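Thank you all for coming. I would like to take a few minutes to walk through one model with you, chain by chain, and then to stop at a few places that I think deserve a look.

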Amino acid sequence: MIELENVSKTYGGHAALSNVSLKVERGDMAFITGPSGAGKTTLFKLLYLAEKPDEGTITIAGCNAADLKSSSIPLVRRNIGVVFQDFKLLNNKTVYDNIALTLRIRGFMEREIKERVHSVLKMVNLRHKVDNYPLTLSGGEQQRITIARSIVGEPTVMLADEPTGNLDEENEKEIMRIFKQINTKGTTILIATHNRALYKNTARKVFFLEGGILKGEEE
Amino acid sequence: MFSLRLALQSVIKEKWMSLLSMLSIGVMLFILVSVAVIVYNVEKLTARLPERLTVMVILKDGVTSEENKAVLAAIKAEPTVKVVTFVSKEKALDELRRSLKKDDFILKGFADNPLFDSFDVKIKSEGVRVDDVKRLIQKIKSMKAVDDVEYGEALMDSVYALKSGLRALGLSIGIVFVCSVTFICYTTVKILFYRHKEEIEVYKLLGATRWFVRAPFFIEGSIIGILGGVMGSGMLMGFYYYFLRKLVADIPMFTFMSIPVQFMYLLPAVGMLLGLGGSVLALGRLKY
Ligand SMILES: Nc1ncnc2c1ncn2[C@@H]1O[C@H](COP(=O)(O)OP(=O)(O)OP(=O)(O)O)[C@@H](O)[C@H]1O
Ligand SMILES: [Mg+2]
């Protein structure tokens, strides 16, 4: 489902990723960990096709990233739910509209959008904030809205970049419970995190990244 | 539907910029249509010019009556000719005498009749262009029995020159203003696009197609164009009711001026096309 082969990416002479190969099977829940600046976000950017690798091949959701025409990039992205580290919420739109956007882009009917948005908001315990604007929410609330937005389209692959970075332990557990629930429904999930507790007793697979180099892999 | 809503929201949110663009488009389209009205009226006016023209065909001296008849028949056969009357030199002399009245002593100096036989040719009033008249005159001139043809040559030529000059001027003004309107839409949409740049990035990351991203801007450009056109029509109407009517009341010479109603409907459509064109130009090369 997710596969990198000898992937390298440099930013102005600085290697953010060098010669990384990894594989996440369909239906897996895997973790990437490593210190700040290790290249986790960079790896995600390559996966959701926002950046191109300098070298190596990337396969995601059954597509070879290098072979994709620019017109089919949006269609591949619709299969990928992303929790961005910096959220990327639209501050001039309500929580409802932010989450609904994912579905409007896909051409859903408003009735179904309403149903789905309310259902994911219930999952992240933020139903009462439906008409709020992102900047009136706490960091943890914004993060949960981002998670709600990433799952509302029922993607086949989820990429979550530090999804619990702003959350207390209780919410963290709740989010992990949601991820596991989605995972059991068949969604492949890759989570980047510094938080050992997150993967200590849940993960099947953990990749250790440091300075852009894959240091190890644990089953 | 969603795109339409986004576009409307954006127009309302950026109402000052949108309004300013619409106003400039309105003014430009108004000027454009005014030029069109002037050209239209001049065309209309000069289209009836040939009927006011009398062509005098002067025959050579000593033309036999057979030749005379042949010329008459040939001229009569022309589709642009309404009436042909023969004026013999005796008749011409009589007329001249009558018009000179007491001063007819001038004519006594002539032993013979100094005048000539001629035809007065009247041109049809409908569907005859200046070009046709010119061709007709060339044809008559080339006949053997014809000495010369006289007509309002100077007048016709100057009107002709004026008309083609006006057409060229109208066309160049038209092109300039069409480009300007397109350019205004282009810049407006470009600015709106850059204001929404971050939002658009998010749209793309969530899987929006190129079309989905661009549609609201196309719609927005069109809306600005349409409303600009409506403003232009409004100005035209205002001009018509408050200015032209007064003018006609004061100086009846301008009664011939008219503004075709089609222009009123046409302006918003033209505005829309140009607005759409401008926005397509603005976002045409948008890459993924
Ligand atoms: N657009 C960019 N231009 C230049 N350098 C970049 C760019 N993006 C990332 N980098 C560099 O690449 C390296 C990896 O960055 P990345 O964001 O992938 O780290 P990370 O593992 O996600 O860190 P964190 O845990 O702090 O989020 C860093 O040294 C960063 O400075
Ligand atoms: Mg990061």
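I will begin with how to read the model, then go through the two chains and some individual residues.

What you see is a predicted model, in which local features need pLDDT of at least 70 and side-chain atom pairs count only at pLDDT 80 or more, while totals for chains, interfaces and linings use all residues. Residues are numbered from 1 along each chain as its sequence is written, chains are lettered from A and ligands numbered from 1 in the order in which they are written, and side-chain values use heavy atoms, with hydrogens and water left out.

Let me start with chain A, which has 7 helices and 10 strands; here helices (H or I, at least four residues) and strands (E, at least two) are DSSP runs, numbered from the N terminus. Its radius of gyration is 17 Å, close to the 17 Å that the globule rule gives for 219 residues, so chain A is as compact as a globular protein of that length; the radius is taken over C-alpha atoms, and the rule is 2.2 Å times the number of residues to the power 0.38. The C-alpha trace of chain A spans about 45 × 40 × 35 Å along its principal axes. Of its 219 residues, 53% count as buried, where buried means under 20% relative accessible area, exposed over 50% and partly exposed in between, with a 1.4 Å probe and protein chains only. Among contacts in chain A with a separation of 6 or more, 69% are accounted for by residues 24 or more positions apart, a contact being heavy atoms within 4.5 Å.

Now to the metal: which protein atoms are the donors of the magnesium ion, ligand 2? They are OG1 of T41(A) and OE1 of Q85(A), lying 1.8 to 2.2 Å from the ion. Donors here are N, O and S atoms within 2.8 Å of the metal (3.2 Å for Na, K and Ca), and water is not among the atoms, so sites may look incomplete. T41(A) lies in helix α1 (residues 40–47) and Q85(A) in the loop between β6 (80–83) and α3 (95–105), both of chain A, so the pair ties together parts that are 44 residues apart in sequence. T41(A) is partly exposed, with a relative accessible area of 26%, and Q85(A) is also counted as partly exposed, at 41%.

F87(A) has a positive phi of about 65° although it is not a glycine, and F87(A) is buried, with a relative accessible area of 12%. As background, most residues other than glycine have a negative phi. A61(A), in the loop between β4 (55–60) and β5 (63–64) of chain A, likewise has a positive phi, of about 50°, without being a glycine.

T94(A) lies in the loop between β6 and α3 too. Is T94(A) buried or exposed? At 13% relative accessibility it counts as buried, and, leaving aside neighbours within four places in sequence, T94(A) is in contact with V130(A), D131(A), N132(A) and Y133(A).

Turning to chain B, we find 9 helices and 4 strands, and of its 288 residues 40% count as buried. In chain B, residues 24 or more positions apart account for 85% of the contacts with a separation of 6 or more.

E199(B) sits in helix α7 (residues 197–205) of chain B and counts as buried, at 12% relative accessibility. Which residues does E199(B) touch, not counting those up to four places away in sequence? They are L90(A), N92(A) and K93(A). The buried residues of α7(B) include I200(B), V202(B) and Y203(B) as well as E199(B), and just after α7(B), G207(B) takes a positive phi of about 105°.

The other residue is T182(B), in helix α6 (residues 153–195) of chain B, which is buried with a relative accessible area of 15%. Not counting residues up to four places away in sequence, T182(B) touches L274(B), G277(B), G278(B) and L281(B).
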